[in-house]
Amino acid sequence: MEKRIDISTTEPQAFKAMFGLEGYLSKIEIAQTLKELVKIRASQINNCAYCISMHTKDAIKNGERPERIFLLSAWREATKFFTEEEQAILAMTEEITLIHQQGLSEETYSKASQFFTENQIAQIIMLIVTINGWNRIALSTHVEIED
């Protein structure tokens with residue numbers, strides 16, 4: 001891939017705003033395991049190798065089992081590996097990431113509300129929106145995978 005602009009140096013205020021969202025997300029009530037599952041799954045859907053690599057490493061450092069990461073893209077068929085709460089947040093991740101298909105369905109929203117408060121649902125939406133933003137930045141600027 002051809003090298004492109006580095007938004008962090010070209011438009012540092014934009015990057016600062018994105019990191020502001022990350023600061024907010026570091027303090028939300030959602031468990032770190034769930035955060036990493038969301039980040040990996042959205043990045044898989046968006047084909048963002050940089051973010052998949054980063055968040056897979058972060059998840060493993062956080063104690064995630066590699067087998068669950070391997071099965072994440074097929075979580076609907078591997079439900080015994082994912083709790084109902086995880087399945088609800090993964091469904092939200094897919095529907096919001098693929099917002100152009102149907103949006104966040106009533107069924108998925110209802111299922112999520114069984115496990116999460118209104119504040120937590122708002123936090124999850126912001127988490128999904130943010131990782132989708134990072135995916136788009138990385139893909140648009142050809143950010144290379146770190147070793």
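Trainee: What makes the contact between the side chains of Glu 64 and Arg 68 a salt bridge?
Mentor: This is a predicted model, and in it the N to O distance between Glu 64 and Arg 68 is 2.5 Å. The cut-off for a salt bridge is 4 Å between a side-chain nitrogen of Lys or Arg and a carboxyl oxygen of Asp or Glu, so the pair at 2.5 Å qualifies. Glu 64 and Arg 68 are both buried.

Trainee: How many salt bridges does a search of the whole structure find?
Mentor: Seven are found. One of them joins Glu 94 to Arg 76, with the closest N and O atoms 3.0 Å apart.

Trainee: Why can the pair of Glu 94 and Arg 76 be said to tie together separate parts?
Mentor: Because Glu 94 lies in helix 6 (residues 84–97), while Arg 76 is in the loop between helix 5 (66–71) and helix 6, and the two parts are 18 residues apart in sequence. Arg 41, Arg 76 and Glu 94 also form a network of salt bridges.

Trainee: Why is Glu 94 called buried?
Mentor: Its relative accessibility is 11%, and buried means under 20%; Glu 94 therefore counts as buried. Arg 76, at a relative accessible area of 46%, is partly exposed, because that class lies between 20% and 50%.

Trainee: What makes Glu 84 and Lys 111 a link between distant parts of the chain?
Mentor: Their closest N and O atoms are 2.9 Å apart, and they form a salt bridge. Glu 84 belongs to helix 6 and Lys 111 to helix 7 (residues 106–113), 27 residues apart. Glu 84 is partly exposed at 47%, and Lys 111 is partly exposed at 30%.

Trainee: How do the axes of helix 3 and helix 6 cross?
Mentor: They come within 9 Å, at roughly 35°, and the crossing is right-handed. Residues of helix 3 in this contact include Val 38, Arg 41 and Ala 42, and those of helix 6 include Glu 85, Leu 90 and Glu 94. By class, the contact divides into seven nonpolar, three polar and four charged residues.

Trainee: What sets the phi of Asn 47 apart?
Mentor: Most residues other than glycine have a negative phi. The phi of Asn 47 is near 55°, a positive value in a residue other than glycine. Asn 47 sits in the loop between helix 3 (32–45) and helix 4 (49–61). At 60% relative accessibility Asn 47 counts as exposed, because the cut-off for exposed is over 50%.

Trainee: Is His 142 buried or exposed?
Mentor: Buried: its relative accessible area is 19%, and the limit is under 20%. His 142 follows helix 8 (118–141), and its phi, near 60°, is also positive.

Note on methods. Residues numbered from 1 in each chain as written. Predicted model: local features only at pLDDT ≥ 70, side-chain atom pairs only at ≥ 80, totals over all residues. Heavy atoms only, no water. Helix = DSSP H or I, 4+ residues; strand = E, 2+ residues; numbered from the N terminus. Buried < 20%, exposed > 50% of the residue type's maximum accessible area, 1.4 Å probe, protein only. Axes fitted to C-alpha atoms, helices over the stretch in contact; angles between N-to-C directions. Left-handed = near helix turned anticlockwise from the far one by under 90°. Contact = heavy atoms within 4.5 Å. Nonpolar A, V, L, I, M, F, W, Y, C, P; charged D, E, K, R; others polar.
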